[in-house]
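Visitor: I would like to learn how to read a protein model, one feature at a time. Could we begin with what lies inside?

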Amino acid sequence: MTGTLVGSFKPECFEDRMRRITDSLLDEGALATVNCRINGGCAPWFALRVWTGREKTVENTLDVMGIRSLVPMRKGPDLRRRHRVIEGSMMPVIHGYVLVQMMPKAEYLAGLQGVEHAIDVLGGCERPMRISDKEVSRFNAMASNGAYDAEKVVGLILGAGERVEITDGPFFGLTASVVTPNRKGRGDVVVTIRLMGGDVPVTVPLAMLRKL
């Protein structure tokens, strides 16, 4: 006799079903984005918030799925040990974010939140913050050329509470308030950005800021 015994099928658990739905949406979104490029269009980019330290892992996961993503990198601060200088290792320009190119449909963006180590899309899936392909290219080129390296002196002195404008990257054009002062003229500062009715803290290089 052939066949399958009654009751031998294992029911699909909730987590497996949600993973299957997520993968299906991401496959559809990736295909739609590729077709857009083939037809001469250009899908916008979005900032996907992820767990700090997992940026490259998420980027690699999306790459395997056929989804175009990017984590602009820079050289971190040098370490000084016993009169020796150890060059800083490469790190994301902005910790906790991965740039993703995707057709602007809420269901596709919601699917991104199902990727391991992902948290949410900046601005929400219904009204996400879009980033132009031109700005992403410019931002990545500046990062590659060392514009945001931690040891680069930019000469900007900031005190806590000062207002600044973010001039590059996923937060381009937004105003922010300085949380941690920086009087060295290089390195990073923590700022808060007003988004969706709340203050979002972000660590950014001084080179990405302009004092208002």
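Visitor: Which residues of the largest nonpolar core touch the most other members?

Guide: This is a predicted model, in which local features need pLDDT of at least 70 and side-chain atom pairs count only at pLDDT 80 or more, while totals for chains, interfaces and linings use all residues. Residues are numbered from 1 along each chain as its sequence is written, and side-chain values use heavy atoms, without hydrogens and water. In soluble globular proteins, nonpolar side chains tend to be buried together. A nonpolar core is a set of buried Ala, Val, Leu, Ile, Met, Phe, Trp, Tyr and Cys residues joined through side-chain atoms within 4.5 Å, where buried means under 20% relative accessible area, exposed over 50% and partly exposed in between, with a 1.4 Å probe and protein chains only. Here the largest core has 31 residues, and Ile94, Leu99, Leu158, Phe171, Val191, Ile193 and Leu209 touch the most other members. Its largest share, four residues, comes from strand E11, a strand being a DSSP run (E, at least two residues; helices are H or I, at least four) numbered from the N terminus.

Visitor: In what order do the strands of the open sheet lie?

Guide: Strands of a sheet pair through backbone hydrogen bonds, either parallel or antiparallel, and two strands count as paired if DSSP finds at least two bridges between them. In this model four strands follow the order E2-E7-E1-E8, with antiparallel pairing. E2 (69-70) and E8 (118-121) each have a single partner strand, so one side of each is left without a neighbour in the sheet. Between E1 (residues 45-50) and E7 (residues 97-101) there are five bridges, and Leu48 has Val98 as its bridge partner in E7.
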